Amino acid sequence: EVRKAKCLDFTLWIEHGEQTLEDPELQCCGHDRGPVTVTMGATVPTGFEHCAAEEVREKLGAEAKISKDRGRIYFQMSSDSLPLVHQLRSVDNLFVVVKEYVDYQFKDSKEETLKDLQDLASKLPWTNPLEVWKLNNVLKKRRWRRRGANVSRPNPSSDGAKEGTQEGAADTETQSLEAEPEQPGRVEEDYEDNQGQQDKGSAETGAEGTPGVLKFRVTCNRAGDKHSFTSNEAARDFGGAVQEFFQWKADMTKFDVEVLLNIHNNEVVIGVALTEESLHRRNISHFGPTTLRSTLAYGMLRLCKPQVSDVIIDPMCGTGAIPLEGALEWKHSYYLAGDNNDQAVNRTVNNVAHIHRKRQEKGCGPWGLPIDTVQWNLCRLPLKTASVDIIITDMPFGKRMGSKKRNWDLYPSCLREMARVCRPGTGKAVLLTQDKKCFAKALSRMGGLWRKSHTVWVNIGGLHAGVYLLKRVAKAGWRSTPLFTPLVLMI
């Protein structure tokens with residue numbers, strides 16, 4: 001009863017206006033008695049869990065644990081470090097962990113298992129996670145007011161896949177009770193990491209609440225084929241128990257609190273979401289048919305470890321996600337974004353201009369970003385031989401862009417041209433493709449110009465793709481091809 005009385009206090013808390021660390025809202029979050037230590041969870045691009053763990057170690061000084069369920073990491077932090085957590089570049093979504101069960105014992109029957117989930121809601125340590133959730137709302141409110149814009153709640157499940165959709169797999173179920181309309185006026189077709197044998201459901205239970213009472217929903221992400229229940233059933237029953245415990249009002253779309261129920265085989269994690277929209281959308285305002293996630297672009301850049309004064313090119317830039325992410329995180333390198341499609345070049349120019357305006361609004365100074373944009377032919381780059389330190393790009397998969405047949409001609413030509421402009425001995429290339437067979441064959445025909453150093457396997461929209469780290473081999477007698485005059489669009 002004491003725990004329940006404390007938790008019910010959260011239903012009466014509604015934030016208004018600007019807050020500082022001395023504001024009453026923050027004091028009621030627990031800052032009157034100092035910061036609290038909690039376990040944070042983050043979803044990351046699958047395959048780049050170790051990259052995200054390294055970033056957490058570097059920027060927060062915390063050791064991250066990689067989940068058995070691919071695409072998630074966990075780490076401990078103090079609540080006063082919350083603003084730094086939102087600056088992580090490798091994470092898609094953040095949540096604070098309420099409770100983690102490494103080996104949860106599910107009952108044999110569905111009825112008993114769902115009854116256990118209902119009983120679980122009143123036994124969980126909600127206090128500190130909800131304090132962090134309230135502090136997170138204060139920080140978001142401050143950012144929104146500083147921008148001077150009304151931010152609408154996005155649909156958290158509206159991410160698109162770059163290349164196709166995941167085929168129906170055994171023991172996989174996706175259930176949605178209600179969907180929000182898409183935002184008009186722009187095309188957003190981004191990467192979406194869909195795990196095999198994973199189902200998602202959200203539960204809305206309930207009656208009309210009183211004014212001032214928080215609205216919530218429960219979202220269940222389940223992976224595994226030995227469960228007697230569906231994700232929708234788990235979200236429904238657990239959500240009903242949460243509603244009864246807190247006396248919150250259930251709302252599928254206009255919710256204040258999103259409670260997460262993540263189940264991976266026998267691992268169960270209950271959490272409270274801190275992000276409404278995936279952080280991978282941070283840099284792009286003009287989307288294309290195959291827009292690369294900024295979080296995935298960051299992971300690719302970390303693989304090649306950019307250094308001061310490095311010349312880095314993206315010869316198939318699309319919307320410019322990779323050079324934009326690099327220019328914001330590794331500011332002392334120079335980036336050249338190019339594409340043969342004029343619309344792609346225009347999108348990149350607009351995205352760079354958008355970031356420049358945002359930086360000016362924040363008072364970051366009048367200087368632009370170290371990026372130039374070029375329209376060129378990938379197989380005849382207007383660059384000097386051995387003039388580039390790093391080549392990093394998202395190659396066409398042959399589905400939405402190009403075709404598998406054309407890739408057999410494109411891949412060898414572009415690998416050879418990349419070898420020409422890349423510095424022998426020290427140059428590197430990081431290339432993303434799902435057409436693994438074609439890429440392997442093209443690489444074998446390069447005559448030892450490239451050496452494959454490392455491969456990261458990623459799940460992109462249900463497609464199994466590879467990120468290849470190549471080293472440019474020093475080779476005597478390599479002759480350059482004729483040079484061409486570049487057309488540079490200065491920002």
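Contact here means heavy atoms within 4.5 Å. This is a predicted model, so to speak of local features takes pLDDT of at least 70, side-chain atom pairs count only at pLDDT 80 or more, and totals for chains, interfaces and linings use all residues. Residues are numbered from 1 along each chain as its sequence is written, and side-chain values use heavy atoms, with hydrogens and water left out. Here's a quick tour, starting with Leu274.

**Leu274 and its neighbours**

- Leu274 touches Met40, Leu82, His86, Leu94, Phe95, Val96, Val132, Trp133, Asn136 and Lys140, leaving aside residues up to four places away in sequence.
- You'll find Leu274 in the loop between β9 (267–273) and α8 (294–304); helices (H or I, at least four residues) and strands (E, at least two) are DSSP runs, numbered from the N terminus.
- With a relative accessible area of 1%, Leu274 is buried; that label means under 20% relative accessible area, with exposed over 50% and partly exposed in between (1.4 Å probe, protein chains only).
- Leu135 sits 139 residues from Leu274 along the chain, yet their C-alpha atoms are separated by 9.9 Å.

**The chain overall**

- Of its 491 residues, 53% count as buried.
- Take the chain's contacts with a separation of 6 or more: 81% of them come from residues 24 or more positions apart.

**Helices α11 and α12**

- The axes of α11 (residues 404–421) and α12 (residues 436–444) come within 9 Å and cross at roughly 45°.
- That angle makes α11 oblique to α12; under 35 degrees would count as roughly parallel, over 145 as roughly antiparallel, 65 to 115 as roughly perpendicular, and the rest is oblique.
- Those axes are lines fitted to C-alpha atoms, for helices over the stretch in contact, with angles running from 0 to 180 degrees between N-to-C directions.
- On the α11 side the contact is made by Asn407, Trp408, Tyr411, Pro412 and Leu415, and on the α12 side by Lys437, Cys438, Phe439, Lys441, Ala442 and Leu443.
- Sorted by type, the residues of this contact of α11 with α12 come out as 8 nonpolar, 1 polar and 2 charged; Ala, Val, Leu, Ile, Met, Phe, Trp, Tyr, Cys and Pro count as nonpolar, Asp, Glu, Lys and Arg as charged, and the others, Gly among them, as polar.

**Cysteines**

- If a disulfide is a pair of cysteine sulfur atoms within 2.5 Å, the count comes to 0 disulfides.
- Cys379 is in no disulfide, and the nearest cysteine sulfur, from Cys414, is 6.3 Å away.
- Cys379 is partly exposed at 30% relative accessible area, while Cys220 is buried at 0% relative accessibility.
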